[in-house]
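Please look through the sequence and the model shown below, and keep them in view while reading the report that follows.

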Amino acid sequence: MPTCRSCHGTYPREYFIHGNGPRKDICQRCGVEKGMIEQSEATMIFDSSLANSRLTLLSRRMSIWLWIMAVWIFWFALFSNISIWISLPVLTVLTIAMLIYHLSGRAKYSAMLSRLTPEHERPPGH
Ligand SMILES: [Zn+2]
């Protein structure tokens, strides 16, 4: 992934503007800030509803880690010294099942994320 010459951020190729000279390796956000492109040309700067949808999708995907941490903290706080030989295997199996579910949903997540990504037409030579 290329690095922006202006902000030193690393982004996929679609996030960069096209051109030579001062436009080379400039991301769309820096291009808009420096007046090289118009806001409407910057297809990868999302409007707020699209950004919210993407953030919701990401947080829904990553919330499983929060659940796993919460369940384990809850277990350590309350059940760890009561009936360890019943609750610990149940919790371990539950954690493994959650991780398998998380990993199996990767293709669905990337498909939904690509549906929320604007179309990018890569010009020849890029
Ligand atoms: Zn930049």
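Asp-25 lies in the segment before H1, and its phi is near 55 degrees, a positive value in a residue other than glycine. The model discussed here is a predicted one. Is Asp-25 buried or exposed? Asp-25 has a relative accessible area of 18%, and because buried means under 20%, Asp-25 counts as buried.

His-8 also lies in the segment before H1, and its phi, near 60 degrees, is again a positive value in a residue other than glycine. With a relative accessibility of 63%, however, His-8 counts as exposed, since the cut-off for that word is over 50%.

## The zinc site

Which residues coordinate the zinc ion? The donors are the SG atoms of Cys-4, Cys-7, Cys-27 and Cys-30, at 2.2 to 2.3 Å from the metal. Along the chain, these donors follow the spacing C-x2-C-x19-C-x2-C.

The angles among the four donor atoms run from 101 to 116 degrees, and the site is therefore classed as tetrahedral, because all angles of such a site must lie between 85 and 135 degrees. For comparison, the ideal angle for four tetrahedral donors is 109.5 degrees.

## Cys-27 and its surroundings

Cys-27, one of the zinc donors, is found in the segment before helix H1, which spans 28–33. Cys-27 is buried, at 3% relative accessibility, and Cys-30, another of the donors, is likewise buried, at 4%.

When residues up to four places away in sequence are not counted, Cys-27 touches Cys-4, Cys-7, Tyr-11, Tyr-15, Phe-16 and Ile-17. Thr-10 is 17 residues from Cys-27 in sequence, and the two C-alpha atoms are 8.9 Å apart in space.

## The largest pocket

The largest pocket has a volume of about 370 Å³. It is lined by 13 residues, of which Arg-60, Arg-61, Tyr-101, Gly-105 and Lys-108 are the closest to its centre.

Which helix gives the most to this lining? Helix H2 (48–79), helix H3 (84–104) and helix H4 (106–115) each supply at least two residues of the lining, and H2 gives the most, with six residues.

Terms used: Residues are numbered from 1 along each chain as its sequence is written. This is a predicted model: local features need pLDDT of at least 70, side-chain atom pairs count only at pLDDT 80 or more; totals for chains, interfaces and linings use all residues. Side-chain values use heavy atoms; hydrogens and water are left out. Donors are N, O and S atoms within 2.8 Å of the metal (3.2 Å for Na, K and Ca); water is not among the atoms, so sites may look incomplete. Four donors count as tetrahedral if all angles lie between 85 and 135 degrees; four count as square planar and six as octahedral if opposite donors are over 155 degrees apart and all others between 65 and 115; anything else is irregular. Buried means under 20% relative accessible area, exposed over 50%, partly exposed in between (1.4 Å probe, protein chains only). On a 1 Å grid over the protein atoms alone, a cavity is a set of points where a 1.4 Å probe fits but cannot get out, and a pocket is an open set with protein on both sides within 12 Å along at least five of seven lines; lining residues have an atom within 4 Å of a point. Grid points are joined across faces, edges and corners, and a volume is the space filled by probe spheres set on the points. Helices (H or I, at least four residues) and strands (E, at least two) are DSSP runs, numbered from the N terminus. Contact means heavy atoms within 4.5 Å.
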